[in-house]
Amino acid sequence: MRYKNILQIDDDYDDCDFFLEALEEVSATASYTAIHNPVQALQKLVCNEIHPDVIFLDINMPVMNGMELLVEMNKKELTKDIPVIILSTSIPSDFQNKFQDLGAAGYYIKPNDFGTMKTILKNIV
């Protein structure tokens, strides 16, 4: 396993539950944290309260979207080197290049199929 401490930043509780169920199927040892508010997530990361090995980040969130959060994370010494994988219901094509420029480790459309989610996580985690 490449990543042991996984943080998901996503405002959709159902999507987080789905993600966790798939993660539990592919890894018995991964530690999982979900934070539903991106501003709170940034605060916890910058204050060194959480220590993820990888972050799964949604794009479409209120208050601060995933792109804005990624920009802010890149400004901070504590967070700029954490791998970030975009996992969102839609990823506009113009965002794909921006995410690459911001150093995102990858991007995926959120699958509705449990098997597909497990495959994505097996390949990453």
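Where is Lys-110 found? Lys-110 sits in the loop between β5 (106–109) and α5.

## Basis of the model

This is a predicted model: local features need pLDDT of at least 70, side-chain atom pairs count only at pLDDT 80 or more, and totals for chains, interfaces and linings use all residues. Residues are numbered from 1 along each chain as its sequence is written, and side-chain values use heavy atoms, with hydrogens and water left out.

Lys-110 counts as buried because its relative accessibility is 12% (buried means under 20% relative accessible area, exposed over 50%, partly exposed in between; 1.4 Å probe, protein chains only).

Its side chain makes a polar contact with the side chain of Asp-10, at 2.6 Å. A polar contact is a pair of N or O atoms within 3.5 Å; within protein, one must be able to donate a hydrogen and the other to accept it, and residues adjacent in sequence count only if both atoms are side-chain atoms. Not counting residues up to four places away in sequence, Lys-110 touches Asp-10, Asp-15, Asp-58, Leu-87, Ser-88 and Thr-89 (contact: heavy atoms within 4.5 Å).

## Helix α1

Helices (H or I, at least four residues) and strands (E, at least two) are DSSP runs, numbered from the N terminus. Asp-12 caps the N-terminal end of α1: a side-chain oxygen lies 2.9 Å from the backbone nitrogen of Asp-14.

Cys-16, Phe-19, Ala-22 and Leu-23 of α1 are buried. Elements covering these buried residues include β1 (5–9), β2 (31–35) and α5 (114–124). Tyr-13, Asp-14, Glu-24 and Glu-25 are exposed, on the face turned away from the buried side of α1.
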